[in-house]
Amino acid sequence: MSKTRITLNALTFVLFTLALGVFAQAQATRTWVSGVGDDVNPCSRTAPCKTFAGAISKTAAGGEIDVLDPGGYGTLTITKSITVDGGTGSGWGSTLASGTNGFIINDSLSGAPNTIVVHLRNISINGAGTTLGVDGIRFLSGKALYVENCRIFRFSGDGIEMTTGTNAQLFVKDSTISDVGEGIRLTSNVAGQFNTAILENVNIARAGNGVNLGDRSRLTMRGGSSQLMSSLVAGNSGGLKQGGGANDIISHLIGVNLSHNGTGIIANGGSVRVTNIYITNCATSISTPANVASWGDSMIVDNGVNNQPGAPDLTKQ
C-alpha cells in the first residue's frame, strides 16, 4: 500500500509540474484582441481574444496586449507589469466603463507589491452610460504608470486617481481628460512616502479641479516639446488645487495655460513654482498667492481678481 501511495504521489507531482509548464508556455509575450475575437482563443494574431480581461491571463508579465481593430474591449484590473496598446489608424481600442472603473492598477496582493510598471497607450476610456463610470484610471499599488495618447472622459469621480501610499510615479503625456469629477488627483496617506506625477502636453477640461494634490504629492506639469505647445487646464472650477492637510506638496508648472477656470491656482498649502504660465479669464487668478513663486515671465491678466505670485521672485534669490 505504501509503495502504491508513493507512486501516486510521484505521479501527481509530475502531472502538476507538467501543468505548470503548459500554463507558462500558454502565456505569450504579445497577445491580440479584436471586436470579432473570442476569449476562449489563445489571443494570437490569427485567433484573437475579445476583451482585455480575456487577454491578460494569457499574457506574460512584462508583455503587451495589442488591439487589431476599433472596438470596445471592456474594463481591466491589472496586477502585473504589462502594456495595453489600443493602436492607431482607423480608430482606437475603447474601454466603456459605465457604473464602474475603467482601469485599476493594483499589485498589493502579489508576492512583490509596489513593483509593477504599467503602460496604457492609445486608448479611449469612456464612462458614459445610464450611470456614469466612477474613475477612468485608479492607481492603487505599483511602481510606475505611463498613460500615453489616451482620452479619458465622462466619469463621476476622477479621470486618474493615484492613492498608492508609496513612492510611486505617474507619467501622463499627450492625453486629454474631460467631463469628470476631478481631472487628476494625488494623495499619499503614509508618512515619508510620496506620489509623483509628471504631466507633459496634457489637456484637462470641465472638471471640479484640473489637478488636485493632497498630502505628500509632487507635480511637474509642462507643455510639449515645442514652444508653441502647452498643457491646457481650462473650464474647471479650479485649475490646480493644493489642499488636504497641505503637507509636503510641491508643484512646478512650466508652460501651462490655466485660463477660463473659476480659480487658476488654489494654493491652500505647500508651494507652487511657475514659469511661462498663462492665467486669463478666471474669476480669481491665484488664491493664497503667498504660496506661489514665479520666475517673472508669466502672463496673469484679464481675470476678475488679478492676484500675482506673492512669494519672492525666484530670479532674485
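Leu140 contacts Ile104, Ile105, Asn106, Thr163 and Thr164, its neighbours within four places in sequence left aside. The model is predicted. Leu140 belongs to strand E10, which spans residues 137-141. Its relative accessibility is 22%, so Leu140 counts as partly exposed; the cut-off for buried is under 20%. Between Leu140 and Thr166, the C-alpha to C-alpha distance is 9.4 Å. These two residues lie 26 residues apart in sequence.

The nonpolar interior was examined next. In soluble globular proteins, nonpolar side chains tend to be buried together. Here, the largest nonpolar core holds 62 residues. Phe103, Ile137, Leu253 and Ile265 have the most contacts inside this core. Strand E13, residues 169-186, is the top contributor, giving 6 residues. Around Phe103, neighbours within four places in sequence were again left aside. The contacts of Phe103 then include Phe52, Leu76, Ile78, Leu120, Ile123, Ile125 and Ile137. Thr95, Gly136 and Arg138 are also in contact with Phe103.

Strand E21 covers residues 263-267. Of its 5 residues, 5 are buried, and the strand is mostly covered. E21 pairs with strand E18 (residues 238-242) through 4 bridges. E18 and E21 run parallel. In this pairing, Ile266 of E21 stands opposite Lys241. E21 is also joined to strand E24 (residues 284-287), here by 3 bridges. E21 and E24 run parallel as well. Ile265 has Ile286 in E24 as its bridge partner.

Charged pairs were then considered. The salt bridges number 9. In one of them, the side chains of Arg30 and Glu64 meet, with an N to O distance of 3.4 Å. This pair links distant parts of the chain, 34 residues apart. Arg30 sits in strand E1 (residues 28-33), and Glu64 sits in strand E2 (residues 59-67). The accessibility of the two partners was computed separately. Arg30 has 43% relative accessibility and so counts as partly exposed. Glu64 has a relative accessible area of 18%, and is therefore buried, given that buried means under 20%.

A further set of salt bridges involves Arg185. Asp158 forms a salt bridge with Arg185, and their closest N and O atoms are 2.9 Å apart. Asp158 is buried because its relative accessible area is 4%. Arg185, at 27% relative accessibility, counts as partly exposed. Glu161 also forms a salt bridge with Arg185, with the closest N and O atoms 3.6 Å apart. Glu161 is in strand E12 and Arg185 in strand E13, so that distant parts of the chain, 24 residues apart, are linked. The relative accessible area of Glu161 is 6%, which means that this residue is buried.

The structure holds 1 disulfide. Cys43 and Cys49 form this link, with their sulfur atoms 1.8 Å apart. The angle about the S-S bond is -70°, and the link is left-handed. Both Cys43 and Cys49 are buried. Cys150 has 0% relative accessibility and therefore counts as buried. Cys282 has a relative accessible area of 3%, so this residue is buried too.

Conventions: Residues numbered from 1 in each chain as written. Predicted model: local features only at pLDDT ≥ 70, side-chain atom pairs only at ≥ 80, totals over all residues. Heavy atoms only, no water. Disulfide = S-S within 2.5 Å. Buried < 20%, exposed > 50% of the residue type's maximum accessible area, 1.4 Å probe, protein only. Core = buried A, V, L, I, M, F, W, Y, C linked by side-chain atoms within 4.5 Å. Helix = DSSP H or I, 4+ residues; strand = E, 2+ residues; numbered from the N terminus. Contact = heavy atoms within 4.5 Å. Salt bridge = Lys/Arg side-chain N within 4 Å of Asp/Glu carboxyl O. Pairing = 2+ DSSP bridges.
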